[in-house]
Amino acid sequence: MAIRYRITKRSNSIQNKKEQYIMQAVTTGTVDLETISNVISNECSLHSVDVQAVLIALGKKLDFYLQEGNIVDLGAVGKFKMGFQCTAEEDPKLLSPKRNIKKYHVNYQPSVKLKRVLKKGITTYKEGSRSI
């Protein structure tokens, strides 16, 4: 497992600070539902269509339970919960969902096992280099 990165120049035009450089993670592609279904199917006795049906149903149930206000705990995958960004008011009586909630999002908390993997560190390599 290795993550590619690139060096990117950042400038802060608001505070007129010097330009700085950061390392930015680079994705290497997208893995779709069909690919994941095929890979899981090769590792168990289920057909890829059955695995895909379960994953589609999982997505629907995830949506349902999140909208009900539940935390969805998927064990080794992690936990998901719904959240939102809102604006503040000086008087609590002025708060209303329609006016103050700006956007909704899903919070993800990795499982303890995945957190341990992240804490140990992941191999990284610079974009364009041939070695890891």
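Q: Where does arginine 116 sit?
A: In this predicted model, arginine 116 belongs to helix 4.

Q: And is arginine 116 buried or exposed?
A: Arginine 116 is exposed, because its relative accessible area is 57% and the cut-off for exposed is over 50%.

Q: How many residues of helix 4 are buried?
A: The count is 0 among its 9 residues, so helix 4 (residues 112-120) is hardly covered.

Q: What follows helix 4?
A: Glycine 121 comes after helix 4, and its phi is positive, near 110°.

Q: Let's step back. How many helices and strands does the chain have?
A: There are 4 helices and 6 strands. Reading from the N terminus, the order of elements is β-β-α-α-β-β-α-β-α-β.

Q: Is the chain compact or spread out?
A: More spread out than a compact globule, because its radius of gyration is 21 Å, well over the 14 Å that the globule rule gives for 132 residues. The C-alpha trace spans about 60 × 45 × 25 Å along its principal axes.

Q: What share of the residues counts as buried?
A: Of the 132 residues, 14% count as buried. The accessible surface of the chain is about 11300 Å², and 54% of that belongs to carbon and sulfur atoms.

Q: What about contacts between residues 24 or more positions apart?
A: They make up 33% of the chain's contacts with a separation of 6 or more.

Q: What holds strands of a sheet together, in general?
A: Strands pair through backbone hydrogen bonds, in a parallel or antiparallel way.

Q: How many bridges join strand 4 to strand 5 here?
A: 9 bridges join strand 5 to strand 4 (residues 78-86), and the two run antiparallel. Among the bridge partners, glutamine 85 goes with lysine 103 in strand 5, and lysine 81 goes with asparagine 107 in strand 5.

Q: And how many between strand 3 and strand 4?
A: 2 bridges, again between strands that run antiparallel. Valine 72 is opposite phenylalanine 80 in strand 4.

Q: What do strand 3 and strand 4 form?
A: They form a hairpin with 4 residues between them. In the turn, glycine 75 has a positive phi of about 60°.

Q: What does serine 111 touch, beyond its neighbours within four places in sequence?
A: Serine 111 is in contact with Gly75, Ala76, Val77 and Gly78. Gly75 is the glycine in the hairpin turn. Serine 111 itself lies in the loop between strand 5 and helix 4.

Q: Why does serine 111 count as buried?
A: Because its relative accessibility is 9%, and buried means under 20%.

Q: Where is serine 41, and what does it touch?
A: Serine 41 is in helix 1 (residues 33-42). Leaving aside neighbours within four places in sequence, serine 41 contacts Leu46, His47, Ser48 and Val51. Serine 41 counts as buried, at 14% relative accessibility.

Q: What about tyrosine 125, buried or exposed?
A: Tyrosine 125 is buried, with 17% relative accessibility. The residue is in strand 6 (residues 123-126).

Q: Last topic, cysteines. How many disulfides are there?
A: The count is 0 disulfides, taking a disulfide as a pair of cysteine sulfur atoms within 2.5 Å.

Q: How accessible are cysteine 44 and cysteine 86?
A: Cysteine 44 is partly exposed, at a relative accessible area of 36%. Cysteine 86 is also partly exposed, at 43%.

Terms used. Residues are numbered from 1 along each chain as its sequence is written. This is a predicted model: local features need pLDDT of at least 70, side-chain atom pairs count only at pLDDT 80 or more; totals for chains, interfaces and linings use all residues. Side-chain values use heavy atoms; hydrogens and water are left out. Buried means under 20% relative accessible area, exposed over 50%, partly exposed in between (1.4 Å probe, protein chains only). Two strands pair if DSSP finds at least two bridges between them. Contact means heavy atoms within 4.5 Å. The radius of gyration is taken over C-alpha atoms; the globule rule is 2.2 Å times the number of residues to the power 0.38. Accessible areas come from the Shrake-Rupley method with a 1.4 Å probe; for residues, only the protein chains shown count as cover.
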